[in-house]
Every structure is written in C-alpha cells, then in structure tokens.
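Please consult the sequence and the model alongside the text.

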Amino acid sequence: MVSPLPSARVVMVGRQGCHLCDVAQEVIEGVVARTGDSFAVVDIDADPELARYTDEVPVTFVDGRQHDYWRVDEARLRAALGG
C-alpha cells in the first residue's frame, strides 16, 4: 500500500491534462455512484512519493491495493467492489 493515499475505498492517482485520467475518472465515478463506495483522486505531481507511478497514470487502487493502470475496466472494478 502506498502511504500518501487517502482512506477512500477507491483511489485514482492521476495528473492534470491527462486524457486517460479523465476517462478513468468518469468510469470510476459511474461505478461508485452505483455501489455507494467512497472515491478520491490524488494528483501524482503533488507528492514525490507517488513518482514511481508516473508512467502508469492513471493508477487505480481498491482497498489500498493497486487494481489497474492506464485504463479502468468497469466490469472488473464492479467485481472488485462486490457489485
């Protein structure tokens, strides 16, 4: 688990101006709206501890564990959240 992540059930690490991040965030927001799970976005460029993920953004974490990178598969995310 990465220490600077918030305690939300789903966390996306991304950056400003990243098209894949925008698309991933839309998918995640749609899924968590249906499941009721918490969601947070962390700006990778605001925390040097997250630099190791710079080539993988957006990176999605579920329950503190890395789940996806580059793209978010809606069905896979729903399954991970139990829905």
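C21 is buried, with a relative accessible area of 2%; buried denotes under 20% relative accessible area, exposed over 50%, and partly exposed the range in between, with a 1.4 Å probe and protein chains only. The model is predicted: local features need pLDDT of at least 70, side-chain atom pairs count only at pLDDT 80 or more, and totals for chains, interfaces and linings use all residues. Residues are numbered from 1 along each chain as its sequence is written, and side-chain values use heavy atoms, with hydrogens and water left out.

C21 forms a disulfide with C18, the sulfur atoms being 2.5 Å apart; the criterion is a pair of cysteine sulfur atoms within 2.5 Å. By this rule the count is 1 disulfide. The torsion about the S-S bond of C18 and C21 is about 75 degrees, so the disulfide is right-handed.

| Residue | Relative accessible area | State |
|---|---|---|
| C18 | 12% | buried |
| C21 | 2% | buried |

C21 also belongs to the buried set of helix α1, together with A24, I28, V31 and V32. Seen down the axis of α1, the buried residues fall within an arc of 100 degrees, so they line one face of the helix; the arc is taken over the directions from the helix axis to the C-beta atoms. The face turned away from this buried side carries the exposed residues H19, E26, A33 and R34. Helices (H or I, at least four residues) and strands (E, at least two) are DSSP runs, numbered from the N terminus.

With 17 residues, α1 reaches 25 Å from its first C-alpha to its last, close to the 24 Å expected at 1.5 Å a residue; the expected span is 1.5 Å times one less than the number of residues. Just after α1, G36 adopts a positive phi of about 80 degrees.

The cover over the buried residues of α1 includes β1, β2, β3 and α2 (74-80), where contact means heavy atoms within 4.5 Å. Helix α1 (residues 19-35) lies across β1, β2 and β3 and runs at about 170 degrees to β1. Axes are lines fitted to C-alpha atoms, for helices over the stretch in contact, and angles run from 0 to 180 degrees between N-to-C directions.

The open sheet has 4 strands in the order β2-β1-β3-β4, with mixed pairing; two strands pair if DSSP finds at least two bridges between them. β2 (39-43) and β4 (65-69) stand at the edges, each with a single partner strand, so one side of each lacks a neighbour in the sheet. The twist averages 25 degrees from one strand to the next. Strands β1 (residues 10-14) and β3 (residues 59-62) pair in the antiparallel sense over 4 bridges, and V10 stands opposite V62 in β3.
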